[in-house]
Amino acid sequence: MRMERKGVKRGVSVYSYAGEYGVTMTLEDIFADIHSMGARGLEILGNSHIPDYPNPSEAWIERWFELMEKYDLVPVEYGHWVDSRLYQGRELSTEESLEMLIRDFKIANRLGFPILRTKLGVIDETLTPVKNWKEFITAALPYAEKYNVVMCPEIHEPTTLDSAMVQEYCEFIDKTGTKHFGLNIDFGIFREKELPKDQMDPGRPPMEHSKPEELGPYLPYVYCCHAKFIEMSDDLEEIYIPYDRIIAVLQENNWDGYVLSEYEGFHRGQPGVASDQVRRQHAMLKRLIGE
Amino acid sequence: MEKDCIQSRGFQNIEKDGEIVGFQFKIRSLYYRGVWLSQLRPATVWVNGEEFGPDKITWTIRGETYTHEEMAQLGDVHWGLLDLATINVEKPGGLEPGVYEIKLTYTWSASYLPPRIDTVFGSRPHVKKLVMV
């Protein structure tokens with residue numbers, strides 16, 4: 001396998017192909033697409049992209065590593081969930097949440113993923129996590145060490161960098177000194193342009209956003225980023241999110257890691273659109289990174 | 001799989017002990033992630049406008065058939081994105097050959113969304129014309 005260079009590296013989340021997967025494209029087709037845009041980093045969602053999840057077969061795992069080799073891909077991030085409202089009418093206990101975490105640690109470890117996008121259940125409009133998150137995350141830390149994974153909640157709009165939630169995550173990391181809990185920054189938090197009216201949730205309060213220039217102090221906590229995007233223009237610019245400034249901040253701070261494309265545009269149900277849009281984004285990222 | 005939730009293939013009557021007891025059709029999940037069965041919320045089916053409520057419906061997933069009450073307790077059985085689920089509807093005598101407009105509603109819980117919109121993803125009904133051979 002090729003050595004990974006230091007700095008900002010390009011990758012893709014298979015989530016970007018949600019409209020194609022199982023209908024117009026297989027997982028291998030998607031890997032071929034990612035490889036053909038010169039990206040190496042890979043994110044899958046455990047629940048979505050592993051047939052027979054949570055019990056993948058040995059044959060499938062063997063094939064997984066063949067495909068990583070064939071398309072020169074690096075497993076970067078594995079998406080998983082703690083479904084706090086798994087059962088109607090009650091929240092998961094700390095013990096049940098811990099079991100859910102460990103089940104995915106094992107699969108991620110088996111497939112070679114070092115980073116986890118750990119999605120926690122939330123209790124309000126600003127996405128405040130469930131009250132017992134510190135308890136089950138603390139209990140999970142020794143297991144995360146054993147299975148060599150870093151749990152990273154995704155900081156996603158409408159959450160902002162200066163929110164109490166992000167401060168609390170960072171304090172938790174400082175206090176415990178853990179190397180197995182960190183952050184995934186979703187670039188949607190830097191969105192500057194309003195979405196078209198017909199694409200907005202009418203019941204949602206107006207959203208605040210952070211500026212890319214605020215990101216620097218948080219980067220020591222960041223293991224991975226979601227290169228969320230909405231629409232790439234014909235001149236290879238993202239219309240809603242200031243990518244030039246985001247990549248500049250990552251580079252000025254010598255951040256080392258993968259930015260993983262997450263396409264969430266309006267036409268993603270149309271066959272072929274995801275491939276075209278992700279490809280455009282990678283043309284832009286390649287230019288901004290200076291590859 | 002076909003792009004729509006409701007698939008053309010698999011629409012047929014259900015025979016049990018020599019009698020037609022109902023009909024069934026297959027669906028795929030349009031959500032971007034697989035779900036645990038307890039995340040699912042009861043389905044209702046309409047056939048040319050005739051309603052069949054959740055108590056008339058069972059789901060077959062990966063070879064096992066479940067009632068809605070059973071699924072509500074199954075937080076460790078998973079419905080993956082590549083698995084077609086079969087919706088079984090109780091209707092003595094089944095359906096005659098012909099073209100039917102099938103409407104299906106069901107939804108699921110997503111804990112990472114604000115509780116206000118917990119089941120918003122599945123709120124749109126699925127409609128398709130299906131052919132009974």
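Where in chain A does Pro158(A) lie? Pro158(A) is placed in the loop between strand E6 (154-155) and helix H6 (164-176) of chain A; helices (H or I, at least four residues) and strands (E, at least two) are DSSP runs, numbered from the N terminus. The legends below concern a predicted model, in which local features need pLDDT of at least 70, side-chain atom pairs count only at pLDDT 80 or more, and totals for chains, interfaces and linings use all residues. Residues are numbered from 1 along each chain as its sequence is written, while chains are lettered from A and ligands numbered from 1 in the order in which they are written.

Figure 1. Pro54(A) belongs to the loop between helix H2 (46-49) and helix H3 (58-70) of chain A. Most residues other than glycine have a negative phi, and most peptide bonds are trans.

**Figure 2. Positive phi at Leu236(A) and Arg62(B).** Leu236(A) is not a glycine, yet its phi is positive, at about 60°. The loop that holds Leu236(A) runs between strand E8 (222-229) and H7 of chain A. Leu236(A) has 16 C-beta neighbours inside 10 Å and therefore counts as partly exposed. A residue is buried if 20 or more other C-beta atoms lie within 10 Å of its own, exposed if 12 or fewer, and partly exposed in between, with C-beta atoms placed from the backbone. In chain B, Arg62(B) has a positive phi near 50° and sits in the loop between strand E6 (57-61) and strand E7 (64-66). Arg62(B) counts as exposed because it has 12 C-beta neighbours inside 10 Å.

**Figure 3. The nonpolar core around Val149(A).** A nonpolar core is a set of buried Ala, Val, Leu, Ile, Met, Phe, Trp, Tyr and Cys residues joined through C-beta atoms within 7 Å. The largest such core has 72 residues, of which Val149(A), Val150(A) and Met151(A) touch the most other members. Residues up to four places away in sequence aside, Val149(A) touches Phe105(A), Ala108(A), Asn109(A), Phe113(A), Pro114(A), Leu116(A), Ala144(A) and His180(A); two residues are in contact if their C-beta atoms, placed from the backbone, lie within 7 Å. A second, separate core consists of 24 residues, including Ile6(B), Val35(B), Leu40(B) and Ile87(B).

**Figure 4. Helices H4(A) and H5(A) in contact.** Helix H4 (residues 94-111) and helix H5 (residues 133-146) of chain A cross at roughly 30°, and their axes come within 9 Å. H4(A) is therefore roughly parallel to H5(A). Axes are lines fitted to C-alpha atoms, for helices over the stretch in contact, and angles run from 0 to 180 degrees between N-to-C directions. Angles under 35 degrees count as roughly parallel, over 145 as roughly antiparallel, 65 to 115 as roughly perpendicular and the rest as oblique. H4(A) and H5(A) form a right-handed crossing; a crossing is left-handed if the near helix is turned anticlockwise from the far one by less than a right angle, and right-handed if clockwise. Among the residues in the contact are Leu98(A), Leu101(A) and Phe105(A) of H4(A), and Phe136(A), Ala140(A) and Ala144(A) of H5(A). The contact comprises nine nonpolar, two polar and one charged residue. Here Ala, Val, Leu, Ile, Met, Phe, Trp, Tyr, Cys and Pro count as nonpolar, Asp, Glu, Lys and Arg as charged, and the others, Gly among them, as polar.

**Figure 5. Helices H7(A) and H8(A) in contact.** With axes 10 Å apart, helix H7 (residues 243-252) and helix H8 (residues 273-289) of chain A pack at an angle of about 45°. The two helices, H7(A) and H8(A), are therefore oblique to each other. H7(A) contributes Tyr243(A), Asp244(A) and Ile247(A) to the contact, and H8(A) contributes Met284(A), Leu288(A) and Ile289(A). These residues divide into five nonpolar, no polar and one charged. Ala248(A) also lies in H7 of chain A and, with 14 C-beta neighbours inside 10 Å, counts as partly exposed.

Figure 6. Ile44(A) counts as buried because it has 23 C-beta neighbours inside 10 Å. Apart from neighbours within four places in sequence, Ile44(A) is in contact with Val14(A), His49(A), Tyr78(A) and Gly79(A).
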